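Me: Please take a close look at the open sheet in this model and at the helices packed around it. I would like the strand order, the pairing and the helix contacts in one connected account.

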Amino acid sequence: DVSFRYSPDSPDILRGLDLDLVVGGSTAIVGLNGAGKTTLVKLLARLYEPTGGRIVVDGRDLAQVDARDWQRQVAVVFQDYNRYQFSAADNIGMGAPAHLDDIAALERAAAQAGADTVIDHLPDGARTVLSREYAGGRELSGGQWQRIALARAYFAIAKGASVLVLDEPTAQLDVRAEAEFFDRFLATTAAVTSVVISHRFSTVRRADRIVVLEHGRVVESGSHDELVALGGRYADMFALQARRFQDEATKEAL
Ligand SMILES: Nc1ncnc2c1ncn2[C@@H]1O[C@H](COP(=O)(O)OP(=O)(O)OP(=O)(O)O)[C@@H](O)[C@H]1O
Ligand SMILES: [Mg+2]
């Protein structure tokens, strides 16, 4: 029954939202721009506290859990993920700063996220600063940054985080990278509770459970097949996107 507003005189973004996350499984959240998906993630990561209702983790009110302890449990890649003007290695290591010197684990996380090929092309490898403002530094493309941010999350998981939240993890990945990402994602996150927000149905449909957010509430929830059969909001959005892809494919063929 979670409600949330950003300031006392602004409208409720979440209104009596009920949501169970599948422990050890994946939950996808879909909804239109501004539906409150990122806001929900910020509450889960405890960057904000609910203004009404509560979030319960393993029977405990999250508000009673030490925020720092909880944040070590949760690996989040935000939509506007952080781009630190640090080396590639430190950008990944920020996922678990206490373990920055575990180079082998950093390399594994990079490989899982497909960031290893990005790093291989840097003049000084993982030691290269990811900013042009530094001598020998390099700027990355959006998709390359996204792989680094994903590697950061994988590193956090390798070091003990049990909840993985990805807000638009594949928005900037090309089609092949997106497919690769999911093969790796499913292999690495078997024991992890994951939450994925995406506008891409190729991403969403693989989740154990899909939740549709509208006007600050969960309006539909189920598997891809269940929601398509339901013929509601999800089915509409899916049909719209499928039609658009078909149109584009037809245009290309002409
Ligand atoms: N820091 C903030 N202060 C005030 N209002 C905010 C803030 N961040 C978001 N909002 C408002 O909250 C609402 C929900 O935003 P949110 O970012 O959660 O949507 P979203 O579902 O993630 O959308 P998108 O698909 O575009 O990422 C929007 O109306 C937005 O204007
Ligand atoms: Mg968002």
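Reply: What follows goes through the sheet, then the helices, then an aromatic pair.

The model is predicted. Its open sheet has 6 strands in the order S6-S7-S8-S3-S9-S10, and the pairing is mixed. Strand S6 (74–77) and strand S10 (217–222) are the edge strands; each has a single partner strand, so one side of each has no neighbour in the sheet. From one strand to the next the twist averages 15°.

Both senses of pairing can be followed through S9. Strand S3 (residues 26–30) pairs with strand S9 (residues 209–214) in the parallel sense, over 4 bridges. Within that pairing, Thr 27 has Arg 209 of S9 as its bridge partner.

Helix H1 (residues 37–44) lies across S3, S6, strand S7 (163–167), strand S8 (193–197) and S9, and runs at about 155° to S8. Helix H6 lies across S6 and S7, running at about 175° to S6.

H6 also packs against another helix. A packed pair of helices is described by the angle between the axes and the distance between them. For helix H4 (residues 103–112) and helix H6 (residues 142–158), the angle is about 130° and the axes are 8 Å apart. This angle makes H4 oblique to H6. The crossing in which H4 passes H6 is right-handed. On the H4 side the contact is made by Ala 105, Leu 106, Ala 109, Ala 110 and Gln 112, and on the H6 side by Ala 151, Tyr 154 and Phe 155. By class, this contact has 7 nonpolar residues, 1 polar residue and no charged residues.

Last, the aromatic rings. The structure holds 7 aromatic pairs. In one of them, Tyr 234 and Phe 238, the ring centres are 6.4 Å apart and the planes lie at 5°, so the pair counts as stacked, the limit for stacking being planes under 30 degrees apart. Tyr 234 and Phe 238 are 4 residues apart in helix H10 (residues 233–253), which means a separation of about one helical turn.

Conventions
Residues are numbered from 1 along each chain as its sequence is written. Chains are lettered from A and ligands numbered from 1 in the order in which they are written. This is a predicted model: local features need pLDDT of at least 70, side-chain atom pairs count only at pLDDT 80 or more; totals for chains, interfaces and linings use all residues. Side-chain values use heavy atoms; hydrogens and water are left out. Axes are lines fitted to C-alpha atoms, for helices over the stretch in contact, and angles run from 0 to 180 degrees between N-to-C directions. Helices (H or I, at least four residues) and strands (E, at least two) are DSSP runs, numbered from the N terminus. Angles under 35 degrees count as roughly parallel, over 145 as roughly antiparallel, 65 to 115 as roughly perpendicular and the rest as oblique. A crossing is left-handed if the near helix is turned anticlockwise from the far one by less than a right angle, and right-handed if clockwise. Contact means heavy atoms within 4.5 Å. Ala, Val, Leu, Ile, Met, Phe, Trp, Tyr, Cys and Pro count as nonpolar, Asp, Glu, Lys and Arg as charged, and the others, Gly among them, as polar. Two strands pair if DSSP finds at least two bridges between them. Rings of Phe, Tyr and Trp (its six-membered ring) pair if their centres lie within 6.5 Å; planes under 30 degrees apart count as stacked, over 60 as edge-to-face and the rest as tilted.
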